[in-house]
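Me: I would like to learn how to read a structure, feature by feature. Can we take one and go through it together?

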Amino acid sequence: MRKDLRQPVPRTQSHTVESVVAIAKHPIHPMLVTFPIAFLSMVVVADGLYLWLRAPFWAELAFWLNVGGLGFGVLAGIVGTMDMMSIRVVRRHVSAWNHFIVAVMVLAMAALGVWLRLPDHAAAVWPWGLLSSSVMALLVAVAGWLGGTLSFRHGVGVYGDEETETPKGRDVEDTPPAE
């Protein structure tokens with residue numbers, strides 16, 4: 001039976017970079033991005049269902065998914081930008097800047113979608129609403145991929161290395177350099 005209750009850590013794990021904007025070491029940005037990812041990726045689905053079924057409910061849903069995704073996206077973007085600008089090692093990652101740029105493009109497409117749909121939710125779906133929501137879904141996938149690369153490959157925005165903790169604090173000599 002195992003006496004140590006700590007989670008096993010593989011030797012090949014990359015050095016982690018703790019998030020500055022966190023609650024009890026839980027980074028806020030990864031918690032918030034789930035909402036805009038879900039909302040904005042479903043706008044194109046709702047558009048397609050409206051065009052197929054001609055039920056105004058789907059055009060209305062697409063509008064509100066767009067609004068909710070834009071609102072949560074702006075909030076997640078503010079928190080993510082605070083993290084990026086506060087941690088020097090994150091600013092040095094090309095993936096961080098790529099993620100930032102694509103995320104801004106997602107927010108611009110979401111704002112375009114809200115602007116297009118605001119006067120008449122159903123009339124805006126074909127063709128421009130569907131085109132903008134399709135491009136937005138593609139950009140959401142790219143931004144999510146880049147954000148996942150930052151977290152899972154580079155260890156950005158995750159718990160810090162607890163293996164290198166000493167009674168006096170972090171052991172700087174044993175901490176591997178950040179990528």
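Me: Does Phe72 count as buried, partly exposed or exposed, and at what relative accessibility?

Reply: Keep in mind that this is a predicted model. Under 20% relative accessible area is buried, over 50% is exposed, and partly exposed lies in between. Phe72 has 31% relative accessibility, so Phe72 counts as partly exposed. Its place is in helix α3, residues 56–86.

Me: Let me step back to the fold. How many helices and strands does the chain have?

Reply: There are 6 helices and 4 strands. Read from the N terminus, the order is β-β-α-α-α-α-α-α-β-β. The chain has 179 residues, and 38% of them count as buried.

Me: How do the lining residues divide into nonpolar, polar and charged?

Reply: The lining has 22 nonpolar, 12 polar and 1 charged residue. When you read the polar count, remember that Gly is included among the polar residues.

Me: Next, charge pairs. What is the general idea?

Reply: Side chains of opposite charge can pair when their charged atoms come close. The cut-off for a salt bridge is a side-chain nitrogen of Lys or Arg within 4 Å of a carboxyl oxygen of Asp or Glu. By this rule, the count here is 1 salt bridge.

Me: Which residue forms a salt bridge with Asp47, and how far apart are the closest N and O atoms?

Reply: The partner is Arg117, and the closest N and O atoms are 2.7 Å apart. The pair links distant parts of the chain. Asp47 sits in helix α2 and Arg117 in helix α5, 70 residues apart.

Me: Is Asp47 buried or exposed? And is Arg117 buried or exposed?

Reply: Apply the cut-off again: buried means under 20% relative accessible area. Asp47 has 0% relative accessibility, so Asp47 counts as buried. Arg117 also has a relative accessible area of 0%, and is therefore buried.

Me: Last topic: the backbone. What should I expect there?

Reply: Most residues other than glycine have a negative phi, and most peptide bonds are trans. Look for departures from that.

Me: Which peptide bond is cis, and what is its omega?

Reply: The bond from Trp126 to Pro127 is cis, with omega near -5°. Pro127 lies in helix α6.

Me: What is the phi of Ala24, and what is the phi of Arg54?

Reply: Ala24 has phi near 50°, a positive value in a residue other than glycine. Arg54 has phi near 60°, again positive and again not in a glycine.

Me: Where do Ala24 and Arg54 lie?

Reply: Ala24 is in the loop between β1 (22–23) and β2 (26–27). Its relative accessibility is 65%, so Ala24 counts as exposed. Arg54 is in the loop between α2 and α3. At 53% relative accessibility, Arg54 counts as exposed.

Terms used: Residues numbered from 1 in each chain as written. Predicted model: local features only at pLDDT ≥ 70, side-chain atom pairs only at ≥ 80, totals over all residues. Heavy atoms only, no water. Helix = DSSP H or I, 4+ residues; strand = E, 2+ residues; numbered from the N terminus. Buried < 20%, exposed > 50% of the residue type's maximum accessible area, 1.4 Å probe, protein only.
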